[in-house]
Amino acid sequence: MDMDLDDSSAATSGVQKGKRLLVMLVGAPGSGKSTLCENVMRASKRPWVRVCQDIIGNGKSGTKAQCLKSALSALDGGKNVFIDRCNLDKEQRTEFVKLGSPQIDVHAVVLDLPAQLCISRSVKRIGHEGNLQGGKAAAVVNRMLQKKELPKLNEGFSRIMFCHNDAEIQDAINTYNALGPFDDLPHGCFGERNHETKIQAGIMKFMKKIDGPSGTVPKESRVQSPAPHQSSDRTNHKFDRQGDGIGSTNLSEKQEKGNKETSICPSSDIPTLAFPSISTADFQFDHDKASDIIVEKVGEFISKLGNARLVLVDLSHGSKILSLVKAKAARKNIDSSKFFTFVGNIVNLSTKGGLCCSVIANAANWRLKSGGGGVNAAIFNAAGADLEAATRARAKMLHPGQALVVPLPSASPLYLREGVTHVIHVLGPNMNPQRPNCLDNDYNEGCKLLRQAYTSLFEGFMSILKMHGNELKPSQMLRGSDCHLDNCKQDSDQKNKRSDEYLLENSKKSRCSPVDTRDGEAVKGNERSRAKGWSSWSQALYQIAMHPERHKGDILELTKDVIVIKDCYPKACKHLLVLARAEHLDCLSDVREEHLELLRRMHGVGLKWAEKFLQEDDPSLVFRLGYHSVPSMQQLHLHVISQDFNSTHLKNKKHWNSFNTAFFRDSVDVIEEVSSNGEAGIHDEGLLAMELRCHRCRSAHPNIPRLKWHIGSCKAAFPVALLENGRLVFRPTSAMATKP
Ligand code: AMP
């Protein structure tokens with residue numbers, strides 16, 4: 001018999017009659033996994049088995065395969081199983097999740113306690129089963145936590161419960177202890193941290209109206225968080241879910257049915273456009289014809305969308321248009337993971353429906369103004385004045401058939417609360433005589449315009465995808481944009497604003513080629529630099545470096561080699577640029593050994609400014625100094641950036657990843673590489689498309705607003721690699737010590 005099978009004494013004789021549970025514990029060493037198991041096994045009415053890798057080999061540490069085998073045999077024997085191992089990344093969890101079946105629910109309980117607490121507990125403990133204690137524990141725990149990847153429902157869990165402190169762990173213990181042999185726990189995600197207190201309060205209020213099932217989940221309400229990949233509690237269905245079967249999506253419901261193979265997942269990792277049916281409400285367009293056109297257009301675009309998906313949304317449970325579209329889409333065999341219908345309010349799909357949609361369509365009026373009723377009023381109200389201003393800056397009106405893509409300002413409540421990054425206004429044809437431009441039942445023209453409207457809408461969505469996707473070719477980037485698709489006016493700031501966006505930056509480099517005076521011995525990286533061309537606005541830093549006398553107001557420091565300026569679009573509370581004043585030194589790939597002295601000077605000046613901020617402004621700031629592998633602006637410039645990333649200018653994945661992946665080359669490393677290899681490594685632009693991860697605890701986040709919430713409170717230690725070699729500058733004394 002396997003020594004690892006730790007049968008619950010309270011219920012060893014019992015064989016589970018109802019559904020069995022496989023509960024995967026997820027947490028660092030020291031987070032309290034084994035204690036949780038012991039507590040449940042001591043008091044539970046169900047028979048439990050604890051599968052622990054630390055003791056699975058006859059009391060000694062064993063393998064994952066052994067754990068899987070033990071878990072399977074316990075489940076087959078009618079027991080419930082705790083998987084007591086760290087399970088901190090998806091790969092570690094996958095095989096265990098596969099043990100789930102219609103008779104076996106797979107849950108995760110995440111013990112997401114502060115890293116420091118786990119470390120100090122691990123260090124202090126004695127007699128640990130896996131001998132992870134004492135001095136070595138700190139490094140091991142720290143390393144493990146850097147790889148931490150919180151579980152998501154779409155991995156196959158039917159329920160995930162997050163615990164952030166001992167009280168919440170006790171709640172989890174009580175929850176499992178209270179389970180009788182036939183009880184089920186609600187499916188969904190519970191307790192994921194969210195720092196927007198307003199929403200928490202709203203959700204809690206909402207949850208108070210709901211009775212917990214079987215009385216087994218005493219404190220669920222505390223934990224309802226609106227994270228986009230969450231499913232809601234099953235009771236949400238009463239409110240805004242259609243739940244009427246195939247084709248129409250109801251995430252929790254599908255999970256409740258044990259439909260694990262469903263490919264529809266709530267994850268915000270999947271770019272999603274939610275759109276209302278255009279013209280069928282107030283504009284009185286025939287529903288049958290409209291549904292034909294929706295299905296036709298969806299069918300046309302679906303294959304062009306890559307992994308993105310489209311969701312037709314309606315507020316009403318009895319929506320005729322949803323039923324028609326659903327039936328017709330099924331008949332046309334449209335992939336239901338790529339296109340489905342959803343009952344919910346388009347302005348709170350994430351918080352109320354658990355469906356995160358980064359882009360939503362608005363059935364707009366021709367004046368692009370708030371007002372009227374329905375979707376238009378709801379979206380303008382929910383998005384606040386920011387949407388009106390952003391819309392106005394792009395266009396004054398729309399014609400039927402047109403669409404206008406508007407990036408949502410990051411201060412907009414819709415952006416902050418729901419993670420919506422873009423609104424696409426669409427104007428459809430009107431058949432209502434009481435509204436402007438009525439087509440008097442001319443369905444030839446009407447259908448043509450409705451087709452155009454959906455084409456514009458989906459093309460608008462594609463343009464957003466292209467801008468955010470790393471597969472985009474520079475030439476296409478020029479066309480993509482915060483684009484409206486038709487002849488709407490672009491205001492004069494727009495050009496300037498774009499200089500702040502990486503999305504268009506590659507296009508600059510595909511333009512005319514300036515002369516590079518150096519000889520032909522240049523190595524790979526330099527070829528890129530030779531071929532590059534810089535548009536006039538990407539030469540702003542170059543102009544400052546070459547003509548400082550024209551930019552006196554912008555300059556913080558001027559020496560014969562360098563100029564220090566504030567970054568015009570700071571991505572953090574403190575963000576400066578140290579510009580080299582040398583000619584023909586456009587970017588990092590131009591740097592050679594002869595520039596070493598200059599690099600050191602730039603570094604020294606950058607450090608001096610960081611220290612000044614630490615001394616005079618805020619000693620708690622942390623700075624990093626470095627270069628972008630492929631800059632957007634001409635003229636070698638060193639970023640001196642505080643690590644709070646607290647800035648409204650930090651808006652997208654590329655902004656974040658340009659400072660928080662290997663794309664960002666630390667100044668100290670650049671100096672080291674140039675002195676040993678004669679040049680610095682240039683890291684791939686593909687890094688800019690990587691998933692969003694916290695620069696401290698490395699946790700992954702679905703979108704920038706969520707990431708910002710997280711980093712606003714993340715106090716985890718910085719990864720070891722950043723702490724080494726003076727890559728981070730904490731305060732004057734340590735900063736001075738790091739000068740290379
Ligand atoms: P990079 O991608 O390394 O070229 O970064 C260029 C930086 O320059 C970005 O952080 C921009 O926010 C900033 N920037 C763009 N235009 C200006 C400007 N006219 N003055 C100061 N900073 C600018």
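## Strand S18

In this predicted model, all six of the six residues of strand S18 (residues 637–642) are buried, so the strand is largely enclosed by the rest of the structure. Buried means under 20% relative accessible area with a 1.4 Å probe, counting protein chains only. Strands (E, at least two residues) and helices (H or I, at least four) are DSSP runs numbered from the N terminus.

In a regular strand the side chains alternate between the two faces of the sheet. His637, His639 and Ile641 point one way from S18, while Leu638, Val640 and Ser642 point the other way.

## Partners of S18

Strands pair if DSSP finds at least two bridges between them. S18 pairs in the antiparallel sense with strand S16 (residues 575–580) over five bridges, and Leu576 stands opposite Val640. Strand S17 (residues 623–628) also pairs with S18 in the antiparallel sense, over four bridges; here Phe623 stands opposite Ser642.

## Nonpolar cores

A nonpolar core is a set of buried Ala, Val, Leu, Ile, Met, Phe, Trp, Tyr and Cys residues joined through side-chain atoms within 4.5 Å. The largest has 45 residues, and Ile360 and Leu414 have the most contacts inside it. Helix H13 (374–383) is one of the elements that each supply at least two residues; its four residues are the largest share.

Beyond its neighbours within four places in sequence, Leu414 is in contact (heavy atoms within 4.5 Å) with residues including Val347, Ile360, Ile379 and Leu408. Another core, of 42 residues, lies apart and includes Leu273 and Leu305.

## Basis

Residues are numbered from 1 along each chain as its sequence is written, and side-chain values use heavy atoms, leaving out hydrogens and water. Local features need pLDDT of at least 70 and side-chain atom pairs count only at pLDDT 80 or more, whereas totals for chains, interfaces and linings use all residues.

Notes
Buried < 20%, exposed > 50% of the residue type's maximum accessible area, 1.4 Å probe, protein only.
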